[in-house]
Amino acid sequence: MTRFAFDIHATDGRARTGRITMKRGEIRTPAFMPVGTAATVKAMKPQDVRATGADIILGNTYHLMLRPGAERVARLGGLHKFMNWDRPILTDSGGYQVMSLSDLRKITEEGVTFASHLDGSRHLLTPERSMEIQRLLGSDIVMAFDECPKIDQGRDVIARSMEMSMRWAKRSREGFDAGGDHAERAALFGIQQGALDEDLRRSSAQALTEIGFDGYAIGGLAVGEGQEAMFATLEFAPGQLPADRPRYLMGVGKPDDLVGAVERGVDMFDCVLPTRSGRNGQAFTWNGPVNMRNARHAEDTAALDDRCPCPTCQTYSRAYLHHLIKSGEMLGAMLLTEHNLTFYQQLMQAMRDAIMEERFAAFARSFRAGYQRSG
Ligand SMILES: [Zn+2]
């Protein structure tokens, strides 16, 4: 059976639709991956995540290495068995979250020493250890270990960081390849860095392509640069990566970010937005985000979104959802998360259909005309 294959079924402009085939299942692209940080997509059972249309979820190395620990997950049969999700899982390398969440970080050529945000315990994360952790978890798509520098630093800092990430990418490749059985069923993605700089992005893409990966991520975006700067970078970054491999834009994004990025040639996404927003009372619809805390919903008997097939919209009124969210009830978080993940998967399906039928430009125009970014 195929370890990893990517077939492009149709292109429309720079947008592509196709399918990744792996041993644990197929991933339809463009794909949105719900984030299952701590071995759970928050507020959702795995079968309900699947019912939204998700083909793959993401797990976070940083969180899982600290709690419950990669060795413990391995002893319990791996992440899939532990959390009862039998389809593909992509794990990040831990690099980004070490930078954003931990204390007392020290970055050297060897790796990153840091203190856990949970108990202050000291840890060293290197490319080799990141590959080992992702192997112990049983990840299907393993991400290379990289540094994601703050976007507002000088070009020299960004360049030095990118060059170190490329050396780490090579060490990641070697660490992954030494992983025995796991390397024969999992895939490894490299991560392009270089912030908003076209030349640095090109150098990074060349370095990664020489090493050779199953897929290529665009890292270092969605870190506060804003949509305009992100789209400007996506004018060149995806085209610098191999056309026959999947391109994954990490940490993106809002529904209109997804449409603009697919338009520019991106195949895969992950973001905490639909799940986190659901817990905070924000619902996504084709007309834009809706704040369910707003008093205007208090006696509204209509569905949250009458175009949505999810159980929340099929069963409950806006008035009830408003009440649950206002009361801080767990069910409110569960129902809005289920709706938001369904909306994201419906959006991805609509984009896949539009590309297949060569009407993506018209789809994107119509989407933007109907979607109010602030709600
Ligand atoms: Zn819904």
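Predicted model: local features only at pLDDT ≥ 70, side-chain atom pairs only at ≥ 80, totals over all residues.
Residues are numbered from 1 along each chain as its sequence is written, and side-chain values rest on heavy atoms, with hydrogens and water left out. Local features need pLDDT of at least 70 and side-chain atom pairs count only at pLDDT 80 or more, while totals for chains, interfaces and linings use all residues.

The zinc ion first. Its ligands are Cys 308 (SG), Cys 310 (SG), Cys 313 (SG) and His 339 (ND1), sitting at 2.1 to 2.3 Å. Donors here are N, O and S atoms within 2.8 Å of the metal (3.2 Å for Na, K and Ca), and sites may look incomplete because water is not among the atoms. The 4 donor atoms subtend angles of 96 to 121° around the zinc ion, which makes the arrangement tetrahedral; for four donors that label requires all angles to lie between 85 and 135 degrees. Along the chain, the donor residues follow the spacing C-x1-C-x2-C-x25-H.

UniProt, in an unreviewed entry, places a "binding site" feature at Cys 308, Cys 310, Cys 313 and His 339. These residues span 32 residues in sequence, yet no two of their C-alpha atoms are more than 7.9 Å apart, so they gather at one spot. UniProt positions are given in the numbering used here with feature names shortened, and annotations may be inferred rather than shown by experiment.

Cys 308 belongs to the loop between β16 and α14, and at 5% relative accessibility it counts as buried (under 20% relative accessible area; exposed is over 50% and partly exposed in between, with a 1.4 Å probe and protein chains only). Cys 310 and Cys 313 are buried too. His 339 lies in helix α16 and, at 0% relative accessibility, is also buried. Leaving out residues up to four places away in sequence, His 339 touches a set that includes Ala 283, Phe 284, Leu 304 and Asp 305, where contact means heavy atoms within 4.5 Å. Helices (H or I, at least four residues) and strands (E, at least two) are DSSP runs, numbered from the N terminus.

Helix α15 (residues 318–326) has Arg 318, Ala 319, Leu 321, His 322, Leu 324 and Ile 325 as its buried residues. Their cover includes α13 (273–279), β16 (288–291), α14 (311–315) and α16 (330–356). Just after α15, Gly 328 adopts a positive phi of about 70°.

Asp 92 sits in the loop between β6 (89–91) and α5 (95–101) and, at 11% relative accessibility, counts as buried. Tyr 96, in helix α5, is partly exposed at 42% relative accessibility. Beyond neighbours within four places in sequence, Tyr 96 is in contact with Cys 148 and Val 223.

In β2 (residues 15–22), 7 of the 8 residues are buried, so the strand is largely enclosed by the rest of the structure. β2 pairs antiparallel with β1 (residues 4–12) over 8 bridges, and with β3 (residues 25–29) over 5 bridges; pairing requires at least two DSSP bridges between two strands. Thr 11 has Arg 16 in β2 as its bridge partner, while Thr 21 stands opposite Glu 26 in β3. In the hairpin of β1 and β2, with 2 residues between the strands, Gly 13 takes a positive phi near 65°.

Conventions: Tetrahedral: all angles 85-135°; square planar, octahedral: opposite > 155°, others 65-115°.
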